[in-house]
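Please read the following explanation with the structure open beside it. It goes through one part at a time.

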Amino acid sequence: MSATPSSRQSDYVGRHLRFGWWSLFVFLLLGATLETLHGFKVGFYLDASNETRRLMWTLAHAHGALLGLVNIAAGLSMRALPELPGDGRLPLISTALLAATVLLPAGFFASGVVFYSGDPGVGIALVPVGAACLAIAVFLLARAVTALSGTSEGGTERRRRG
Amino acid sequence: MIRRSPVVRSRFRPPVPAAALLVGATALGVAAALSLEPIVPEASVEHRPIAVSEDDYVSSTTCRSCHPSQYATWHGSFHRTMTQVATPESVRADFDAIVVEAVPGRPMRLERRGDEFWAEFDDPGWEGAPRDRPRITRQVVMITGSHHQNIYWYATGHDRALNVLPGVYLLEEDRWTPRNAVVLAPPGQGVAMLDGHWNAVCIDCHTTHGKTRFDTPFLSEPIRDQAVDTTVAELGIACEACHGPAAAHVAANRNPLRRYQLHTGGAPDPTIVEPTRLDPQRSSQVCGQCHSIWEFPDAAGERAASAGGLPYRPGDELRATRFVAQPRVNGRSDTMQALIAADPDFVRGSFWPDGLVRVSGREYNGLLDSPCFADATEPERTLSCFSCHTMHKTPEDPRTVAEWADTHQVSAGMDGNAACTQCHAPIAADLPAHTNHAPESTGSRCYNCHMPYTSYGLLRAIRSHTVTSPSVRESVELGRPNACNLCHLDRTLAWSADHLREWYAQPAPRLDDNERSVAASILWLLRGDAGQRALAAWSYGWEPAQEVSGTSWMVPYLGELLGDRYDAVRFIAARSLRTIPGFETLQYDFAGDRQDRIEAAVGALRAWRNGSLARARRDPELLFGVDGTLDTAAMRRIFDQRDNRPLFLRE
């Protein structure tokens with residue numbers, strides 16, 4: 001195995017670091033906006049009749065920011081583990097993670113724009129899709145890391161015997 | 001060389017400070033939980049009615065998660081707080097070692113014991129000699145009313161039976177007053193103060209799905225021999241009072257696909273009743289189940305309701321299970337005759353002689369007799385409760401929930417002429433042509449002429465909910481004050497009759513000398529029955545009427561009522577008197593000692609005579625001579641014509 005990421009893997013590292021940091025920036029702005037709505041007691045966001053909007057937008061902010069961090073973590077993982085096996089799955093992992101990073105907060109946000117009393121708007125349909133993408137990405141990445149762990153430990157044993 | 005990844009190989013070992021922090025936080029959490037007052041399960045409460053979820057009622061807490069907006073506006077309404085358990089949050093009066101003098105008999109002593117409220121007072125159930133009447137000490141467990149009054153109910157100690165404290169707390173005035181002083185009743189009469197009265201009577205309309213659950217009918221035997229196991233679905237008027245039991249609705253809507261189908265389709269959900277989607281008759285009956293004068297059609301119906309709750313459910317035909325008293329329609333029915341036989345004042349205590357309701361809280365009766373409801377043929381042009389009121393403040397309504405609740409839950413914009421002009425558009429196009437008043441004046445407000453303050457309740461005048469037109473004939477023949485003279489307090493019935501004839505071609509009725517020459521409000525105030533006096537006294541404090549009629553001349557007339565036999569009339573007169581410049585700080589206790597009241601009235605009259613107000617008006621209609629002196633002899637002559645028949649208005 002190579003000690004440095006392949007150029008293809010480097011592409012993914014860069015993609016997720018960029019996406020992660022920009023996501024953090026975007027959802028930082030959203031967080032600041034929500035705080036401003038709080039600060040000025042804007043009824044459109046805070047009234048009891050808008051409780052669903054408030055919840056959905058809070059969830060959008062929280063998921064967006066968290067997934068930004070997950071993207072950064074994924075990018076850093078790919079760089080720290082250049083021997084990450086399952087290289088062929090990287091496009092799927094990366095695409096699923098990016099899709100999740102868009103769909104989850106977008107779904108929550110859209111479902112708070114128009115909603116039905118205690119039920120979020122139809123935008124909420126994006127959320128389970130995003131959740132599925134995230135589950136796929138995390139599962140494949142976890143499996144790859146686990147496989148790497150087995151490979152690394154085996155290699156060490158072999159090297160000791162040698 | 002293969003680098004070993006510390007990420008892969010490392011094992012988590014919490015650092016000591018983090019572990020200490022975790023243990024500390026846990027300990028704090030446990031300590032906080034232990035310091036909370038233990039929550040007493042409702043089912044274990046034995047000395048008051050309890051809330052139970054049964055018969056498919058699920059309670060408002062279940063509704064809240066899916067309908068937060070509707071829940072929030074209901075939660076801010078006085079419907080929710082119609083009946084509450086007595087807690088430090090719900091009790092508005094001070095119970096901290098307070099002595100209340102304003103009760104019958106010896107003073108009532110109030111005491112706070114932790115979060116409990118206790119009262120010591122004369123035993124109302126004592127049947128021996130009055131001088132031997134013992135004192136009893138009871139825990140206050142429930143409250144009815146939260147807008148104008150707190151009525152406190154104590155646990156009698158017999159099963160779940162409640163009785164009422166001898167004093168009522170007036171919220172706006174921040175004072176206690178005798179229980180029967182807050183109703184318009186002759187001295188010594190008024191509402192019953194019996195063990196079990198709340199359980200048997202009040203429960204029907206002050207709770208959601210109440211079940212009296214007496215083992216034998218109330219008053220059929222001494223209550224100490226009866227079992228009283230009263231339950232409710234919810235204290236106060238909650239969601240299911242108007243929407244019906246919601247268990248099926250909750251179960252069906254666990255399915256998100258069903259919910260979104262309903263959201264996007266716009267069709268009504270058949271598992272729940274939405275009153276605003278009902279036709280005007282049925283939707284108004286939802287309100288009318290409580291806001292009406294009704295009785296059980298027969299004893300069997302009452303027994304069944306005692307055991308299983310009232311059978312009416314929103315959307316049902318109300319009259320299928322209730323007798324709604326409507327003298328104009330069913331005055332001669334067997335049921336009405338039976339009610340009158342049992343209580344000869346049943347009709348007079350609630351209705352004007354022509355059958356229109358005259359007490360508050362019975363607005364559905366008023367609606368039934370309104371032509372906009374009774375004679376309407378098109379549902380979309382039929383008046384209903386929801387034409388003007390809404391049970392949930394809309395997000396577009398700029399008022400706060402508290403403001404909306406405080407103004408009778410009138411819909412946004414419906415506190416003005418829009419309520420009427422939504423159907424009567426041509427009148428709105430040229431308002432003065434119809435009203436003969438300036439368009440911005442209170443005389444051009446539809447409500448003031450067509451829903452005047454001719455109902456009584458809660459120590460004030462209430463707008464009639466029967467839509468009528470001003471009529472001097474009704475004032476003469478029925479005694480019901482007319483809208484013109486409730487505002488133009490300084491004018492005679494003849495003056496109003498002339499204008500109504502000129503403007504609307506109304507035939508002028510035959511008037512006696514006083515009706516032609518003395519201001520109508522003075523006649524109601526001096527010679528009217530207690531109900532008329534109360535309405536007139538309230539109008540003397542009504543700002544639009546004061547602006548039109550002036551106030552300088554009112555003092556001797558309101559002063560006269562400070563000595564009225566009826567507590568409620570005295571209370572209202574004093575309140576109106578305090579709105580007149582110079583009398584804001586009038587020292588007068590309507591429930592106080594009679595001699596003190598007389599002295600206060602004399603003092604007010606003296607202050608008026610010695611001030612500049614006395615000679616401000618010289619109108620003969622107000623019984624002033626040309627020199628501005630008051631014709632007390634004429635006052636006495638009119639006073640001597642007073643209708644002194646006892647009157648108890650059953651609000």
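B:His209 is buried in this predicted model, with 25 other C-beta atoms within 10 Å of its own. That count puts B:His209 among the buried residues because the cut-off is 20 or more. The residue is located in the loop that runs between β10 (207–208) and β11 (231–232) of chain B. Most residues other than glycine have a negative phi.

A second residue of this kind is B:Asn436, whose phi is near 60°, again positive and again in a residue other than glycine. B:Asn436 belongs to the loop between α19 (431–435) and α20 (446–450) of chain B.

Strand β4 (residues 108–113) of chain B and strand β5 (residues 116–122) of chain B run antiparallel and are joined by five bridges. Within this pairing, B:Glu111 has B:Trp118 of β5(B) as its bridge partner. β5(B) is also joined to strand β6 (residues 135–144) of chain B, by six bridges, and these two strands run antiparallel as well. On that side, B:Phe117 is bridged to B:Val140 in β6(B). In a regular strand the side chains alternate between the two faces of the sheet.

The domain assignment divides chain B into domain 1 (60–235), domain 2 (273–412) and domain 3 (469–639). The centres of domain 1 of chain B and domain 2 of chain B, taken over C-alpha atoms, are 25 Å apart. Their contact involves 16 residues from domain 1 of chain B and 13 residues from domain 2 of chain B. On the side of domain 1 of chain B that touches domain 2 of chain B, the elements giving two or more residues are α4 (68–75) and α5 (197–206) of chain B. The largest share of that side, four residues, is given by α4(B). By type, the residues of this side of domain 1 of chain B are six nonpolar, seven polar and three charged.

Another helix of chain B to look at is α9 (residues 280–288). Seven of its nine residues are buried, and the helix is mostly covered. The buried residues of α9(B) are B:Pro280, B:Ser283, B:Ser284, B:Gln285, B:Val286, B:Cys287 and B:Gly288. What covers them includes α6 (239–243), β14 (323–324), α13 (363–368), α14 (371–374) and α15 (385–388) of chain B.

Chain A has five helices and zero strands, in the order α-α-α-α-α along the sequence. Of its 162 residues, 34% are buried. Among contacts in chain A between residues at least 6 apart in sequence, 79% join residues at least 24 apart. The average pLDDT of chain A is 87, and 86% of the residues score at least 70. Over residues 154–162 of chain A, however, the pLDDT is below 50, and this stretch has two contacts in the model beyond near neighbours in sequence. Where pLDDT is low, the predicted coordinates should not be read in detail.

Technical notes. Residues are numbered from 1 along each chain as its sequence is written. Chains are lettered from A and ligands numbered from 1 in the order in which they are written. This is a predicted model: local features need pLDDT of at least 70, side-chain atom pairs count only at pLDDT 80 or more; totals for chains, interfaces and linings use all residues. Two strands pair if DSSP finds at least two bridges between them. A residue is buried if 20 or more other C-beta atoms lie within 10 Å of its own, exposed if 12 or fewer, and partly exposed in between; C-beta atoms are placed from the backbone. pLDDT is the predictor's confidence in each residue, from 0 to 100. Two residues are in contact if their C-beta atoms, placed from the backbone, lie within 7 Å. Domain bounds come from an automatic or database domain assignment. Ala, Val, Leu, Ile, Met, Phe, Trp, Tyr, Cys and Pro count as nonpolar, Asp, Glu, Lys and Arg as charged, and the others, Gly among them, as polar.
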